[in-house]
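Here's a quick briefing for anyone opening this structure for the first time. Have a look at the model, then work through the points below.

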Amino acid sequence: MGFIWSVIGFVLVMGVIVTIHEWGHYQVARWFNIKVLKFSIGFGKPIYSKRGRETEFVIAQIPLGGYVKFADEREAEVAPEDLPRAFNRQSVYKRFAVVAAGPLINLLFAWLVFTAMYMVGTTGMKPIVSGFTEGSPIELSLKDARLPLENFQAWSVTQVNNQGVYSWQMVNQQILQSLAKGDKSISFNLESIDGSQVLLAHNVNLSAIDINQPKQNWLALLGFKPTKPIIPAVIGQVVEGGPADKAGLKEGDKILSINKKPIHSWQDFVKVVQSQPNQQIEIGFERNEASFNKKLVLGSTTLDDGSQLGKMGVGVKVDEQTLAPYTVKIQYGFIDAFTHAYQRSVDLFVMSLVMLKRMVIGEVSTSNLSGPLSIAQFSGQAVQSGLVAFLSLLGLLSLSIGILNLLPIPVLDGGHLVYYLIEMIKGSPVSEQVMAVGQTIGLVLLVGLTFLALFNDVIRISHG
């Protein structure tokens with residue numbers, strides 16, 4: 001079932017993003033009265049085709065991109081009456097605008113999608129801290145400030161690097177931005193729950209975090225002890241084909257014990273399961289007020305450091321009332337949503353460029369690249385998780401596609417834009433020989449990046 005959702009999510013997400021991208025090229029070409037012969041979503045054999053007044057609209061079999069085909073003398077013979085409308089006969093400025101419209105509309109679309117996401121409202125866990133690990137970066141920073149930590153039972157993180165945060169997700173986003181830029185330290189503002197005390201933790205050392213190991217618990221490495229609600233050990237989702245599914249466990253079963261030892265909460269359950277990878281356990285559970293015992297063999301997942309964690313293939317069923325005191329919903333009106341969405345788009349745009357630059361110079365591993373398999377997996381999860389998760393992924397991928405197509409790589413839109421800039425400067429088009437060599441180099445580079453991303457996908461998925 002997960003595979004089916006991945007396919008549905010991938011086709012839906014990529015279909016929207018590619019349509020928006022190609023529509024940008026198409027619409028600007030129409031504004032300049034350039035003849036458009038074909039508008040295709042996908043590649044390969046058409047599965048749907050409709051003839052417009054002069055353009056053929058196609059949906060093809062392979063949903064990995066699309067294209068807009070113009071009347072162009074370099075590609076095919078153009079009827080005499082259409083020569084003034086041929087793409088190759090347009091001024092360099094018009095050609096530049098048509099090609100730039102695709103990636104730029106993706107960036108604009110991401111902004112609008114994030115605006116919609118903030119208007120719907122995002123829900124997250126409040127960044128409440130119950131304590132700090134002794135000797136950790138955050139604890140050392142606060143200790144140096146000689147602040148009375150022991151006088152308060154809980155703190156709320158209010159700012160990271162002077163940016164307001166309202167959830168742990170926002171805290172992690174700020175940490176990621178600092179890591180992507182290569183910052184050596186980060187600052188946090190914390191406020192006691194009663195509002196009587198404010199802590200300023202400056203220059204919190206980030207050296208414990210490796211951006212190339214995404215499975216790290218960044219908050220724990222920095223020394224935060226997030227306040228966690230006590231959640232009953234009731235099973236929600238059961239992964240098809242997983243250990244729990246094979247043993248006959250179902251949604252709604254309440255875990256009572258493992259190997260005869262009582263389980264009091266979901267946290268207890270996770271801790272015990274993770275400590276016994278690939279081991280046989282006896283699990284006691286309650287269903288419809290009756291108690292049962294079953295034996296099963298746990299699975300495992302391998303961490304970046306080679307260690308293994310046990311897994312049963314189940315998710316937790318959470319009562320909203322249990323989580324209510326620990327959750328926050330962030331929702332804005334149109335103007336504020338528009339502003340926050342713009343800032344999010346800019347932050348992600350800058351972070352993406354910095355990460356690309358650091359990959360090129362070898363400061364960041366290329367293992368951070370994701371390909372179509374990961375996109376499909378994330379898309380399937382987002383579709384199942386609800387509107388906000390879907391909008392978040394849609395905006396992020398649209399932004400990524402826009403950035404990718406602006407890169408100065410021949411074959412991509414950015415490569416053509418470079419040719420047009422050269423033409424503007426020198427007053428004549430780049431020679432066909434130079435363009436041919438550039439196309440070959442660009443194609444080799446693009447194919448290489450695609451295979452690298454696919455390789456990363458396979459490694460990532462095979463390691464859970």
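Ile283 sits across from Lys294 of strand β14, and these two positions belong to a predicted model. Strands β13 and β14 run antiparallel to each other and share eight bridges; two strands are called paired if DSSP finds at least two bridges between them. Helices (H or I, at least four residues) and strands (E, at least two) are DSSP runs, numbered from the N terminus.

**Ground rules**
- Residues are numbered from 1 along each chain as its sequence is written, and side-chain values use heavy atoms, with hydrogens and water left out.
- Since this is a prediction, local features need pLDDT of at least 70 and side-chain atom pairs count only at pLDDT 80 or more, while totals for chains, interfaces and linings use all residues.

**The sheet**
- β13 and β14 make a hairpin with two residues between them, and Asn288 in the turn has a positive phi of about 55°.
- Strand β11 (residues 254-258) pairs with strand β13 (residues 280-287) in the antiparallel sense, over four bridges.
- Lys254 is opposite Glu286 in β13.

- Ala247 belongs to helix α6 (residues 243-247).
- Its relative accessibility is 13%, so Ala247 counts as buried (buried is under 20% relative accessible area, exposed over 50%, partly exposed in between, with a 1.4 Å probe and protein chains only).
- Setting aside neighbours within four places in sequence, Ala247 touches Lys294 and Leu296; contact means heavy atoms within 4.5 Å.
- Ala247 and Leu296 are 49 residues apart along the chain, yet their C-alpha atoms are separated by 6.1 Å.

**Aromatic rings**
- The whole structure has 14 aromatic pairs (rings of Phe, Tyr and Trp, using its six-membered ring, pair if their centres lie within 6.5 Å; planes under 30 degrees apart are stacked, over 60 edge-to-face and the rest tilted).
- Phe132 and Phe224 have ring centres 6.2 Å apart and planes at 55°, so that pair is tilted.
- Phe132 is in strand β4 (residues 128-132) and Phe224 in strand β9 (residues 224-226), so the pair links distant parts of the chain, 92 residues apart.
- Both Phe132 and Phe224 are buried.
- Trp111, Phe334, Phe338 and Tyr342 are joined into a cluster by ring pairs.

**Charges over rings**
- Arg344 has its charged end over the ring of Phe114, 4.9 Å from the centre (the test is NZ of Lys or CZ of Arg within 6 Å of the ring centre and within 35 degrees of the ring normal).
- Arg287 lies over the face of Phe292, 6.0 Å from the ring centre.

**Helix α9**
- Helix α9 (residues 334-360) has 27 residues and should span 39 Å, which agrees with its end C-alpha atoms being 39 Å apart; the expected span is 1.5 Å times one less than the number of residues.
- Buried residues of α9 include Ala337, Ala341, Arg344 and Leu348.
- Among the elements covering the buried residues of α9 are α2 (92-120), α4 (168-181) and α11 (387-406).
- Gly362 follows α9 and has a positive phi, near 85°.

**Confidence**
- Mean pLDDT is 84, and 93% of residues reach 70 or more; pLDDT is the predictor's confidence in each residue, from 0 to 100.
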